[in-house]
Amino acid sequence: MLDALEDGRRNVPVLELTLGEVAYLRWEEATGEVLQMWTAEPLRRQGIMRTLWMQALPLGVRHSAWRTDDGDAFARAVGGELPPRKHA
């Protein structure tokens, strides 16, 4: 559970798909907005996060406006609706 987010929301129910210490994808349950995604450095660019993303789509996950450069590249690669980007 996240205690506080940048926009002031607190105790946001979070859903997570994880592959242990390999990768994880976290998103806000109510809105589906991605909160955080991570893949271990030596395992990046092998389709691991794309696989987690595809598994999360039926659960309502959606791209966040707060995207890093890497997150923006990922969002564009997997497609879907992209809100205007706010730099993270």
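Let's start with D72 and R85. Their side chains meet in a salt bridge, at 3.9 Å from N to O. By salt bridge I mean a side-chain nitrogen of Lys or Arg within 4 Å of a carboxyl oxygen of Asp or Glu. D72 sits in helix α2, while R85 sits in the loop between α2 and β7 (86–87), so this pair ties together parts that are 13 residues apart in sequence. Helices here are DSSP runs of H or I with at least four residues, strands are E runs of at least two, and both are numbered from the N terminus.

A word on the model. It is predicted, so local features need pLDDT of at least 70 and side-chain atom pairs count only at pLDDT 80 or more, whereas totals for chains, interfaces and linings use all residues. Residues are numbered from 1 along each chain as its sequence is written, and side-chain values use heavy atoms, with hydrogens and water left out.

Back to D72. How exposed or buried are the partners? D72 has 10% relative accessibility, so it counts as buried. R85 has a relative accessible area of 25%, so it is partly exposed. The cut-offs: buried is under 20% relative accessible area, exposed is over 50%, and partly exposed is in between, with a 1.4 Å probe and protein chains only.

D72 has other partners. With R67 it makes a salt bridge of 2.9 Å, N to O. R67 and D72 are both buried. With R76, the closest N and O atoms are 3.1 Å apart. D72 and R76 both belong to helix α2 (residues 69–78), four residues apart, about one turn of the helix. R76 is at 54% relative accessibility, so it counts as exposed.

How many salt bridges does the whole structure have? A search finds seven.

Next, the sheet. Three strands form an open sheet, in the order β3-β4-β5, with antiparallel pairing. Two strands pair if DSSP finds at least two bridges between them. β3 and β5 are the edge strands, and each pairs on one side only. From one strand to the next, the twist averages 10°. For angles, axes are lines fitted to C-alpha atoms, for helices over the stretch in contact, and values run from 0 to 180 degrees between N-to-C directions.

Take β3 (residues 14–18) first. It pairs with β4 over five bridges, antiparallel. L15 stands opposite W27 of β4. The two strands form a hairpin with four residues between them, and G20 in that turn has a positive phi of about 65°.

Now the other side of β4. Its pairing with β5 (residues 34–39) is antiparallel too, over five bridges. Which residues in β5 partner Y24 and R26? For Y24 the bridge partner is W38. For R26 it is Q36. This hairpin has five residues between its strands, and G32 in the turn has a positive phi of about 85°.

What about burial of β4 itself? Five of the six residues in β4 (residues 23–28) are buried, so the strand is largely enclosed by the rest of the structure.

Last item, helix α1 (residues 48–56). It lies across β3, β4 and β5, and runs at about 35° to β4. Contact here means heavy atoms within 4.5 Å.
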